[in-house]
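Please read them with the model open.

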Amino acid sequence: MTVRRFEDVEFGAELPAFEPDTGIENVRRFARAAEMMAGRFIDHAEARKEGLPGAIVPGVMSQGILAAMIHRWAPDAEIVKIDTVFRAPVMVDEPHRVNGVVTDLDAETRSVEVDLTVTNQAGETRVLGTARVRFLG
Amino acid sequence: MEIEGLKRRFLNLDFDERSFEVQKEAMLEFAAACGETAPRYTDPAHADFQAPPTFCARFHGRRMLPGDFPTLGIPLDAGKAVMPQQPIRAGVKLVGKSHLHDIYEKTGRTGRMIFLVSRMELYDEGQALVSIVDSRLVIRERPAA
């Protein structure tokens, strides 16, 4: 479900969750675009040489995925601020889920606060954050 | 290391400046890889075509900290905050200026951790502020020998 107007947002509303593409080819695509072609992002063997269990998704990509979820929910809204904490690695080629929930509404600025998470299959939170989102309509 | 002393010496002093060019192909690939679906980020023919709001988080200065900042340990990436100020259009040239915005500490079970907030402010060719990116670095303090 998408929302267009501030008046249509309810406290506690959950954003439509989705499973981002964290496959190695898509992460390489991101890494090329972001000029972040470090081995730990694009090659499992290189990541293992650095002591990681495998390649990891760049934190900036996780943040971009969370922003994309907000735009899927509210296509016309503007992100005023998005703040993310990289708590633990998001592993490449493992399924993850992104979720968001509305935790505050400010009628004066027509903006809402959203809590954000990226979780793995075990339900462990790997990235968490908040965003302030302003509705223009 | 005394936090107030570090603040007095290092906060709000620009320590790096770097230029970037925003390329349309990179904007589109960034948006697609992140799963963006809003046409203003995915369709170059859209009247309001622009980079996704977190696009600027990919820009890095030449250094993370001031050159004379004391070595306290290895800084690890603890998170990022992005505050977009203006839409970023394809082809624009940006200048990123970095300074330390905040220094604070937290003490946990394993000892003291020092957090450094390195802020990059990105300006367009008309000197308009287009985005602010805060990178939080955490340093686990080394035990005294």
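1. How many bridges join strand S3 (residues 111-120) of chain A to S4(A)? The count is 9, and the two strands run antiparallel. Strands here are DSSP runs of E with at least two residues, helices are DSSP runs of H or I with at least four, and both are numbered from the N terminus. Two strands are taken to pair if DSSP finds at least two bridges between them. Within S4(A), Thr130(A) stands opposite Asp115(A). The hairpin of S3(A) and S4(A) has 4 residues between the strands, and Gly123(A) there takes a positive phi near 80°.

2. Some conventions. This is a predicted model, in which local features need pLDDT of at least 70 and side-chain atom pairs count only at pLDDT 80 or more, while totals for chains, interfaces and linings use all residues. Residues are numbered from 1 along each chain as its sequence is written, chains are lettered from A and ligands numbered from 1 in the order in which they are written, and side-chain values use heavy atoms, with hydrogens and water left out.

3. Strand S4 of chain A covers residues 125-134 and also pairs with S1(A), in the antiparallel sense over 8 bridges. Thr84(A) has Gly129(A) as its bridge partner in S4(A). Gly79(B), in S2(B), is the bridge partner of Val85(A).

4. The interface. Chain B brings 26 residues to the contact and chain A brings 28 residues, where contact means heavy atoms within 4.5 Å. About 2200 Å² is buried between the two chains, and carbon and sulfur atoms give 54% of that area. Buried area is the accessible area (1.4 Å probe) that two parts lose on being put together, summed over both. On the chain B side, Ala33(B), Cys34(B) and Arg58(B) lose the most area to chain A, together 23% of what that side buries.

5. Arg58(B) takes part in a salt bridge with Glu35(A), with the closest N and O atoms 3.2 Å apart.

6. Which elements of chain B give two or more residues to the side that touches chain A? They are helix H2 (24-34), helix H3 (39-42) and strand S2 (76-84). S2(B) gives the most, with 8 residues. By class, this side of chain B has 14 nonpolar, 5 polar and 7 charged residues. In that count Ala, Val, Leu, Ile, Met, Phe, Trp, Tyr, Cys and Pro are nonpolar, Asp, Glu, Lys and Arg are charged, and the others, Gly among them, are polar.

7. Chain B as a whole. The chain has 3 helices and 5 strands, in the order α-β-α-α-β-β-β-β along the sequence. Its C-alpha trace spans about 60 × 30 × 20 Å along the principal axes. Of its 145 residues, 48% count as buried. Buried means under 20% relative accessible area, exposed over 50%, and partly exposed in between (1.4 Å probe, protein chains only). Among contacts in chain B with a separation of 6 or more, residues 24 or more positions apart account for 69%.

8. Salt bridges elsewhere. Over all chains, a search of the whole structure finds 18 salt bridges. One of them joins Arg110(A) and Glu7(A), at 2.8 Å from N to O. Arg110(A) lies in the loop between strand S2 (96-106) and S3 of chain A, and Glu7(A) in the segment before helix H1 (24-34) of chain A, so the pair ties together parts that are 103 residues apart in sequence. Arg110(A) is partly exposed at 25% relative accessibility, as is Glu7(A), at 45%.

9. Two further pairs in chain A. Arg132(A) and Asp104(A) meet in a salt bridge of 3.2 Å, N to O. Because Arg132(A) lies in strand S4 and Asp104(A) in strand S2 of chain A, the pair ties together parts 28 residues apart in sequence. Asp104(A) is partly exposed, with a relative accessible area of 34%. The side chains of Glu124(A) and Arg126(A) also meet in a salt bridge, at 3.4 Å from N to O. Glu124(A) is partly exposed at 40%, whereas Arg126(A) is buried at 16%. Salt bridges with shared partners join Asp104(A), Glu113(A) and Arg132(A) into one network.

Notes:
Salt bridge = Lys/Arg side-chain N within 4 Å of Asp/Glu carboxyl O.
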